[in-house]
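The sequence and structure come first.

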Amino acid sequence: MSKKNDDDNSPEELNEGVKTAYVDRLKTLKQALDFTAKGNIPQSVEKFKHYLAILAAYNRTTEKYLSPKMFDSQKDIAEMLLVSQAYWNLAKSYDKSPKLRSESNRCLQQFMAFTIGFKYQHANAQLIRRHLRSGKAHNKKAFQQVYEKINVRSKNCYLATHAYPSNHELLGSLRQFKYKLANYSCGMKFINFYYESSPHIVKA
């Protein structure tokens, strides 16, 4: 993770425990994923929380205030994807308990913050879509709202960007048209259909 160059935020000023944990953070994340695969949700939650806490401590903040602004969007893109996945897994885990629903919503918001505007945005949108279709979402409305926001704010327009340069003015017009469509239920259905089908059309 790229850090600011000022003295207060330099890695040298961190204590040894934080620096050691940061070096081993991916091991912690792997443990979280292993527990998830085994169905051990309590342990996976603790490990995901620990992973995020390590990143927060490295930036001299708490997990609650972890933000994409603390990362270099180019150099740290892989780590940002991992952070989004950690929040995604926490959101699903907390969603299982009505008492933890607010924490699930908070993690969904963090998942969205670490998703919108990045090249893996469409892939993360499909994670939510598949989860909704599986019927496993308890607070379906919250997951649906995040899915729609990620989908609508996506800058990827597969067919158009395949046909035109990324800076072509037509793409901006099409994006504005998409925002207008999103105000209507039938418009959202069309947007969802477009995102599901266009990658296959481009591939063909």
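## Nonpolar core

A nonpolar core is a set of buried Ala, Val, Leu, Ile, Met, Phe, Trp, Tyr and Cys residues joined through side-chain atoms within 4.5 Å. Buried means under 20% relative accessible area, exposed over 50%, and partly exposed in between, with a 1.4 Å probe and protein chains only. In this predicted model, local features need pLDDT of at least 70 and side-chain atom pairs count only at pLDDT 80 or more, while totals for chains, interfaces and linings use all residues. Residues are numbered from 1 along each chain as its sequence is written, and side-chain values use heavy atoms, with hydrogens and water left out.

The largest nonpolar core has 40 residues, of which Leu-52, Leu-66, Val-83, Tyr-87 and Ile-128 touch the most other members. Two or more residues each come from helix 1 (16–23), helix 2 (25–37), helix 3, helix 4, helix 5 (101–113), helix 6 (121–134) and helix 7 (140–152). Helix 4 gives the largest share, nine residues. Beyond its neighbours within four places in sequence, Val-83 is in contact (heavy atoms within 4.5 Å) with Tyr-51, Leu-52, Leu-55, Leu-66, Phe-71 and Phe-114.

## Overall fold

The protein has ten helices and zero strands. Helices (H or I, at least four residues) and strands (E, at least two) are DSSP runs, numbered from the N terminus. Of its 204 residues, 40% count as buried. Among contacts with a separation of 6 or more, 64% join residues 24 or more positions apart.

## Arg-60

Arg-60 lies in the loop between helix 3 (41–58) and helix 4 (77–95). Arg-60 is not a glycine, yet has a positive phi of about 55°. Arg-60 counts as partly exposed because its relative accessibility is 42%.
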